[in-house]
Amino acid sequence: MPPPLIHPNWSRPATSAIDGYSIEITAKDADALRTVAPRIPPATPIAIAFLPGETLDARVRAAQTIRALGFEPMPHFSARRIGSGAEFEDYLAAVVEQAGVQRCFVVAGDPSTPAGPFADSASLIATGTFERSGIRAIGVGGHPDGHPNMTQAECFAVLDGKCHEIARRGMAPLIVTQFGFDADAVVRWLSELRRRGIDAPVRLGVPGPAGIKTLMRFAALCGVGASTAVLRKYGLSLGNLIGSAGPDRFVAILEAALTPDHGPVRLHFYPFGGLARTLDWIDGYARATGLDPSA
């Protein structure tokens, strides 16, 4: 049996859709995080994206800030953006030693040509560096909207292989999905994941409230399905790009559809409209359902 995931909420069923949520930031969001920190429950996992143009030092400082504020830093490792084995090992050693990192998220990354020796997330996992460094949990990506280079069956096979390899190495696998607009498709994907016997905990990606143009821009960048019918279901219209939208309908569908048969599931917020705006939405959801969002 692999060790349990670090966040204590995984040891029990969720009491609501937002129970035990995680959220993502970039290195430059560290100051904004300090401002909103009192509104976030202690030990909340906070992921640090691996974006081009941000230095490793900046990401390490962001991890330190997250730890100092009482949260759980989860840095991303983008395989194709890492220039060498030494760069990978140095970054991992820095976040472990300076920020107490115990969980990481590993992704192939966007570049078509790797900057160094790592072509995909599996090649980073295969080095053995994560478990030797004391990492207890590894997150890998799930794609409810499909993958541009693989069939659905291939996606599930690759995901199953990664989860087994992570567990074989004594760490806990965690699946974190790309954000999307079609909650019904997410539920179908999750049902198929479980039908195939993949029982790792899953964090479902949710786009935080943002301007409609901003949401469309991120959807295009990330290859997220955004047909007219899907957008209408989410509450967006390609004919009206003025204004903003939140995940109200999306989360409501998940809340109604998810059952114990879907296994351990929590939400992961992508705060495209900013941290404060996403937390405003979470707080509003909590008030509407009689919850304490900071508990």
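# Barrel, helices and cores

Biologist: Where does helix H7 lie?
Modeller: Helix H7, residues 183-195, lies across E5, E6, strand E7 (202-207) and strand E10 (265-270). Its direction is about 170° to E7. Keep in mind that this is a predicted model.

Biologist: And which strands does helix H6 lie across?
Modeller: H6 covers residues 152-168 and lies across strand E5 (137-142) and strand E6 (172-177). It runs at about 145° to E6.

Biologist: Step back a bit. How many helices and strands are there in the protein chain?
Modeller: Eleven helices and ten strands.

Biologist: What do eight of the strands close into?
Modeller: They close into a barrel. The order is E1-E2-E3-E4-E5-E6-E7-E10, and the pairing is parallel. On average, neighbouring strands of this sheet are turned by 30° against each other, direction ignored.

Biologist: Show me one pair. How many bridges join E2 to E3?
Modeller: Four. E2 is residues 45-48, E3 is residues 72-78, and the two run parallel. Take Ile46: its bridge partner in E3 is Pro73.

Biologist: Now E5. Which strands does it pair with, E4 and E6?
Modeller: Both. Strand E4 (residues 103-107) pairs with E5 in the parallel sense over three bridges. Six bridges join E5 to E6, again parallel.

Biologist: Which residue stands opposite Cys104 in E5?
Modeller: Ile138. Towards E6, Ala137 has Ala172 as its bridge partner, and Gly142 stands opposite Thr177.

Biologist: How many of the residues of E5 are buried?
Modeller: Five of its six residues, so E5 is mostly covered.

Biologist: And how many in E6?
Modeller: Six of the six are buried, so E6 is largely enclosed by the rest of the structure.

Biologist: Which residues sit on each face of E6?
Modeller: One side has Ala172, Leu174 and Val176. The other has Pro173, Ile175 and Thr177. All of these are buried, and both faces are covered.

Biologist: What about cores? Which residues touch the most other members of the largest nonpolar one?
Modeller: Phe130, Ile138 and Ile175. That core has 65 residues. Apart from it lies another core, of eleven residues, among them Met74, Leu174, Leu215 and Phe272.

Biologist: Why would nonpolar residues gather like that?
Modeller: In soluble globular proteins, nonpolar side chains tend to be buried together.

Biologist: Back to Ile138. What does it touch?
Modeller: Leaving out residues up to four places away in sequence, its contacts include Cys104, Val106, Ile125, Phe130 and Ile166. Met171, Ala172, Pro173 and Leu174 are also on that list.

Biologist: Change of topic: Phe156. Which helix is it in?
Modeller: Helix H6.

Biologist: What about Phe118? Where is it found?
Modeller: In the loop between E4 and helix H4 (121-125). Phe118 is buried, with a relative accessible area of 6%.

Biologist: Which residues is Phe118 in contact with?
Modeller: Neighbours within four places aside, they include Ala79, Arg80, Ile82, Phe88, Leu124 and Thr127. As for Ala108, it is ten residues from Phe118 in sequence and 8.3 Å away, C-alpha to C-alpha.

Biologist: One more helix. Which residues of H10 are buried?
Modeller: Phe250, Val251 and Leu254 are buried in H10, residues 248-257. They cover an arc of only 90° around the axis, which puts them on the same side of H10.

Biologist: Last one, the whole chain. What share is buried?
Modeller: 49% of the 295 residues. The accessible surface comes to about 12,700 Å², and 54% of that belongs to carbon and sulfur atoms.

How values were computed
Residues numbered from 1 in each chain as written. Predicted model: local features only at pLDDT ≥ 70, side-chain atom pairs only at ≥ 80, totals over all residues. Heavy atoms only, no water. Buried < 20%, exposed > 50% of the residue type's maximum accessible area, 1.4 Å probe, protein only. Areas by Shrake-Rupley, 256 points an atom, 1.4 Å probe, with all protein chains shown as cover. Arc of directions from axis to C-beta. Pairing = 2+ DSSP bridges. Axes fitted to C-alpha atoms, helices over the stretch in contact; angles between N-to-C directions. Contact = heavy atoms within 4.5 Å. Core = buried A, V, L, I, M, F, W, Y, C linked by side-chain atoms within 4.5 Å.
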